[in-house]
Amino acid sequence: MDKYKVRMIFNGLMILLAVILIVTVVVLSQDTALSEQATRTVTFAFTNSLGRLSSALPFSLFEVLVCVAVIAALFLIIKGIVSLAKRRTARGLCSFTTLIATVLCIVSIYMLDTSFAYNREKPPLDIYKNGDLTEAKQLEAIDEFMTDFMDIAYSLERDENGFPVCNYSVSELSELIVEEYAKLDDPYYDVFVPKAKGMASSALMSELYLIGITFTPIGEANVNKQAPVSVVIYTTAHEMAHSIGIMREEDANLVATYVLINSDNDLLRYAAMTEYYGRLLDVVRLVDEEKYAEYEKTISESPVMKESNAELKFWRSKGMFNEISEFLNNIYLKFNGQNLGTGSYNDGNFWEVTPSDPDDDGNVTYDIKLSDIQLTMLTPYAANRYVGKESF
């Protein structure tokens with residue numbers, strides 16, 4: 001038998017096995033208990049083996065693999081087209097079946113490592129729950145948060161654009177954040193957290209409006225180092241959560257927020273603050289308009305506003321291919337059971353606000369069920385862990 005026909009048979013067998021594995025993973029991952037167990041075994045095994053390898057390398061292994069994959073794919077496509085043009089049918093079809101088999105094998109391995117983690121339990125964290133804090137206690141905690149937020153905002157050294165000065169590379173930042181992850185001692189979390197890498201292709205990432213990407217089979221978090229510093233820090237923590245099997249976007253945000261807001265490192269804590277201070281002000285806006293106006297005025301006069309404007313200016317100059325990345329990411333997340341798609345990143349989708357009927361004076365009150373991230377931001381301040389220099 002012609003060697004190319006033999007290769008096609010082999011490719012066909014690999015395609016069949018890959019499809020069987022993909023279908024099996026999709027079916028089994030619908031069971032939450034099984035998904036939790038699979039994450040703690042299969043996913044953690046990938047992280048503790050290939051994750052250690054990628055962490056030891058001084059460059060992004062993911063970017064190297066992408067480059068190799070693109071070159072290999074182009075080679076097989078060109079080879080296949082040329083062979084078919086020369087009427088070498090078996091040779092041409094062999095190139096295309098090799099490409100299909102390779103792609104499906106990579107997809108099946110990725111899904112084996114990742115899909116179960118999309119349907120595991122919620123991350124266990126030491127935070128207050130709805131009902132634990134009265135409205136007055138919530139407002140008091142928010143006031144403590146704002147005091148701490150402004151203390152740090154004014155204390156940080158900043159560059160000419162208003163961004164905090166950070167002398168750490170992404171890898172060095174990830175080493176700091178690993179220390180924060182080490183405080184999570186529940187077996188839900190892997191004991192090994194791989195290092196994150198700054199991407200050489202950060203300029204392209206900016207045009208795609210992508211700040212981070214994690215390829216879980218090699219346990220490597222990759223971050224757009226061109227992004228504003230607070231965004232880089234927060235994204236590093238977020239992508240590192242993915243690298244240890246926390247795949248739902250809202251959960252990765254939650255764990256990243258938890259490890260950062262509970263850090264004694266002001267720069268790390270500030271990254272969580274700038275990401276979600278608006279979510280705490282959302283609460284105040286509904287229950288105390290006068291206090292809300294006071295907070296808004298304070299922020300508008302602080303370094304936070306200059307930083308925010310500089311960040312907005314940065315992103316307005318980027319995003320040439322934003323619609324493409326948004327479309328693909330939305331499809332990917334929905335395929336993995338995140339019905340909100342890219343809306344999963346938005347914490348505003350995870351709280352419940354029920355307005356009352358207007359009273360005789362037209363006033364409306366609100367029954368608020370806080371999101372887990374809002375509760376995470378409130379917890380250290382409600383517990384009086386941080387005490388600011390001055391109160392509002």
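Biologist: Which residues are linked with Lys-122 in a network of salt bridges?
Modeller: This is a predicted model, and in it the network links Lys-122 with Arg-248, Asp-251 and Asp-372. Within it, the side chains of Lys-122 and Asp-251 meet at 2.5 Å, N to O. That pair links distant parts of the chain, 129 residues apart: Lys-122 is in the loop between helix 4 and helix 5, and Asp-251 is in helix 9.

Biologist: Is Asp-251 buried or exposed?
Modeller: Asp-251 counts as buried because its relative accessibility is 2%, under the 20% cut-off. Lys-122, at 42%, counts as partly exposed.

Biologist: Nice. How many salt bridges are there?
Modeller: The count comes to 18. Among them is Glu-36 with Arg-120, at 2.8 Å from N to O. Glu-36 sits in helix 2 and Arg-120 in the loop between helix 4 and helix 5, 84 residues apart. Both Glu-36 and Arg-120 are buried.

Biologist: And what does Arg-158 pair with?
Modeller: Arg-158 forms a salt bridge with Glu-307, with the closest N and O atoms 2.9 Å apart. Both of these residues are buried too.

Biologist: Switching topic: how many disulfides?
Modeller: The count is 0. For Cys-94, the nearest cysteine sulfur belongs to Cys-105 and is 14 Å away. Cys-94 is buried, at 5% relative accessible area.

Biologist: Last one: which helix gives the largest share of the nonpolar patch?
Modeller: Helix 13, with 4 residues. The patch covers about 730 Å² and includes Leu-204, Phe-321 and Ile-331. Ile-331 is found in helix 13 and is partly exposed, at 44% relative accessible area.

Technical notes
Residues are numbered from 1 along each chain as its sequence is written. This is a predicted model: local features need pLDDT of at least 70, side-chain atom pairs count only at pLDDT 80 or more; totals for chains, interfaces and linings use all residues. Side-chain values use heavy atoms; hydrogens and water are left out. A disulfide is a pair of cysteine sulfur atoms within 2.5 Å. Buried means under 20% relative accessible area, exposed over 50%, partly exposed in between (1.4 Å probe, protein chains only). Patches are made of residues with over 30% relative accessible area and no salt bridge: like charges are joined within 9 Å, nonpolar side chains (Val, Leu, Ile, Met, Phe, Trp, Tyr) within 5 Å. Accessible areas come from the Shrake-Rupley method with a 1.4 Å probe; for residues, only the protein chains shown count as cover. A salt bridge is a side-chain nitrogen of Lys or Arg within 4 Å of a carboxyl oxygen of Asp or Glu. Helices (H or I, at least four residues) and strands (E, at least two) are DSSP runs, numbered from the N terminus.
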